[in-house]
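Visitor: Please show me the model that we are to discuss.

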Amino acid sequence: MPDMKLRLKIWKQKNAKAKGAFASYDLDGVSPDMSFLEMLDLLNKNLVEAGKEPVAFDHDCREGICGSCGMFINGYPHGPVPGLTTCHLSMRYFRDGETIVIEPWRAKSFPVIKDLIVDRSAFDRIQVAGGFISVTVGAASEANSILVRKKNSDDAFDSAICIGCGACVAACKNASAMLFVSAKISQFALLPQGKTEAKERVRAMIAEMGMQGFGNCSNTGACEAQCPKQIKLFNIARLNREYYKAF
Amino acid sequence: MITLNAKIPEGPLEEKWTRYKSGSKLVNPANKKKLDIIIIGTGLSGAGAAASLGELGYSVKVFCYQDSPRRAHSVAAQGGINAAKNYKNDGDNTYRLFYDMIKGGDFRAREANVYRIADISNQVIDHYTALGVPFAREYGGTLETRSFGGVQVSRTFYAKGQTGQQCLLGAYSSLNRQIKAGTVTMYPRRDMLDLVVIDGKARGIIVRNLITGEIERHSAHAVVLATGGYGTVYYLSTLAVNSNASAAWKAYKKGAAFANPSFVQIHPTSIPQLNEFQSKLTLMSESLRNDGRIWVPKNKGDNRPGNDIPEEDRDYYLERRYPTFGNLVPRDVASRAAKERCDAGYGVGKTGLAVNLDFRDAIKKQGKKAIENKYGNLFEMYRAITGMNPYEEPMQIYPAGHYTMGGLWVDYELMTTVPGLYAIGEANFSDHGANRLGASSLMQAAGDGYFILPVTISGYLSGEIRTSRISTTSPEFEEAEKGVRERIDKLLSIRGKQTASTFHKRLGKIMWDYCGMRRNEEGLKKALNLVEELKKEFWSDLLVPGEASDLNQQLEKAGRVADFIELAKLMITDALNRKESCGAHFREESQTDDGEAKRIDAEYSYVAAWEYNGDNEPVLNKEPLKFEFVELKERSYK
């Protein structure tokens, strides 16, 4: 496939306090084999070499697992292809001559730091509140002394693969973090190791979620549709069940 | 010259660690909270150490460059984590794991350290399981295992192709528990830019706040580097693109010896490069070699699609050359064999720089569902990147820079040659010799962080209980901060024409061509000159836009590339010095008649620990490797 020419409309914002605005860039020579982030690398190389300010964005592993990258692309978190993070989104999915609109996550709890970089530390604070099993190093029993039904273990894994990117919050009209929180609650609720402090955990995490300013869930399902790891909505049902059981 | 004292305890192999623990000094619980420990890095080793030390009651400060500790690159490890549980009743035990690692590392690792990590492996699995890591399970509810390269037992625990992520999130959760308890303070989005040494002891670090650009001073009674490896020196590698060597490099320049820097593992199964602008290579887990068969066409120039090439026209070259281990030979062997076939003109794909990894037979035998259960997410990742469906046609793979066995020299206590400075996980050199076996990195990182460091560091800190909190206003801190500021100003003031990434890419090409899978004296000498020229060009033609007092990703990158260029020189120097082949270090001058690596034990049975010497050539210190418990043998997988 030949190289493409694109028009990019990208959110530029100097820092958390500054007022942001869209800037337009024309970019030539985009290979369909590039990833979306490599396309932005090319843009930045051109900008820097022309003495202009590059676009700031978070990224790291570039293999869809660290959860660093994430941007709103043409109205979708991580772009229009389901099940992919931005770093895995190939330019094959775009057309020559297309205009692509790129924005940061928009949520009160994720303030913009610069351009496409947002502050997601609210997620960490929710995990700090209770996203753990209290076992001290050295205190664990022999691994096979804990038997776990294979189905439960597999289901726990499916919940545990959340990468903490924040797409669920960005996709939600309420900027709710319920899918994120429910994934962790589900993982531990499904495992015998997590049962002992299940009540304390769900109460603490839900309370912190509120403190961090995330909205409530109104069951729209946009989070599930946009989650690059395809975490399922029924985790939220399980979260609610766990929460009711906790009082 | 520094003195290398490995401090290996006396006694039989299996008793050394127990004896050490019995004799080690402890710190009174009341004193622990008065002792500060800095940890840089939040991967399996760093987060594990932070949690463990926090639980013990020390005051721990943890730093990482990512926005959250959950993103450290341990997250990307795929295939698994080893332990000598012998759940499969296939004859595994601690000694066998130890021996496999010693042999896999081509007899260039320290016996005592390797035995200890093998011994601890079972505890690591117990701990992660207790933390709720959802490892794969059998229908009866017990833990499942699989095989990995270089071994004949099934000892690898896994969580599909995301074992690293699951273990890291386990470690992150235990770190979070300590943050909540108040024993650990987390400082994300910080780059360590220098180590502060006072009266010969590591006493703190200088970091740059990556959001505000502020330069901060942090002090402690001990500093722990858990900063991972330096495989990104090749530019294209399986590492996170921001992974860097800077913290370890600063430590080297402050007196920590750097051991075996040329020992780099090139992983055999990565997705090949697809375009010139590519920024990284994505790994396809080694576990795939359990079921996938590696082959190239028997006839040169056979351009038919893989599925159209009949059995008789396929060369399953690993099965042919290594009938005992077949597709499960260690990584270095598999990588060189792939390169050999491609260089000889039998490669497949657009560029000819790829070989097939074929699941046709496995799917036929076990069914698509079974393969999907084991590797589903890897297959999807492959499809997303390449647009090809591995359920229906062979994957194409090629070697890529992956893991660095070399790293900061540490003694048995994991302390570097700077008192009070420790290196754990991939950042140290100690356990994998000249080649790491698959699924041993998570094991080592977790073992170092959770179980070894917390024991050994208490011996050092017991001598520090009378040292009050370290002030950050001492001349040493002043000077270190001044140096950091001057360098940032210099990087910004060049205002040349080439971006830091451009230099990084050029450096990577030199290293891949001359200091990669195969090395020879002529090439290495040439590379040394090329890197020297690149260094001059870097410091005269670098272009970094923006300011220091702002979020400036180009500036971050420039500092890292400047350090990579210096490290590259040391890697080449080390590769030149070691005229033998061993493990991943393949010197063309030293090979057997059939092209296998040939060690020269009489001359090179040592750890090369390089000491910084200002602008002069680095000084080579040798730690002789004594093999008291295993017999040195030719490493054969035939």
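The questions below concern domains, the chain contact and strands.

Guide: This is a predicted model, in which local features need pLDDT of at least 70 and side-chain atom pairs count only at pLDDT 80 or more, while totals for chains, interfaces and linings use all residues. Residues are numbered from 1 along each chain as its sequence is written, with chains lettered from A and ligands numbered from 1 in the order in which they are written.

Visitor: What distance separates the centres of domain 1 and domain 2 of chain A?
Guide: Chain A is assigned domain 1 (4-114) and domain 2 (121-245), with bounds from an automatic or database domain assignment. Taken over C-alpha atoms, the separation of their centres is 29 Å.

Visitor: Which element gives the largest share of the side of chain A that touches chain B?
Guide: Contact requires C-beta atoms, placed from the backbone, within 7 Å; chain A and chain B each give 62 residues. The largest share, seven residues, belongs to H1(A).

Visitor: How many bridges join strand E1 of chain A to E2(A)?
Guide: Strands pair if DSSP finds at least two bridges between them. Lys12(A) stands opposite Ala21(A) in E2(A). Strand E1 (residues 4-12) and E2(A) run antiparallel, and the bridges joining them number eight.

Terms used:
Two residues are in contact if their C-beta atoms, placed from the backbone, lie within 7 Å. Helices (H or I, at least four residues) and strands (E, at least two) are DSSP runs, numbered from the N terminus.
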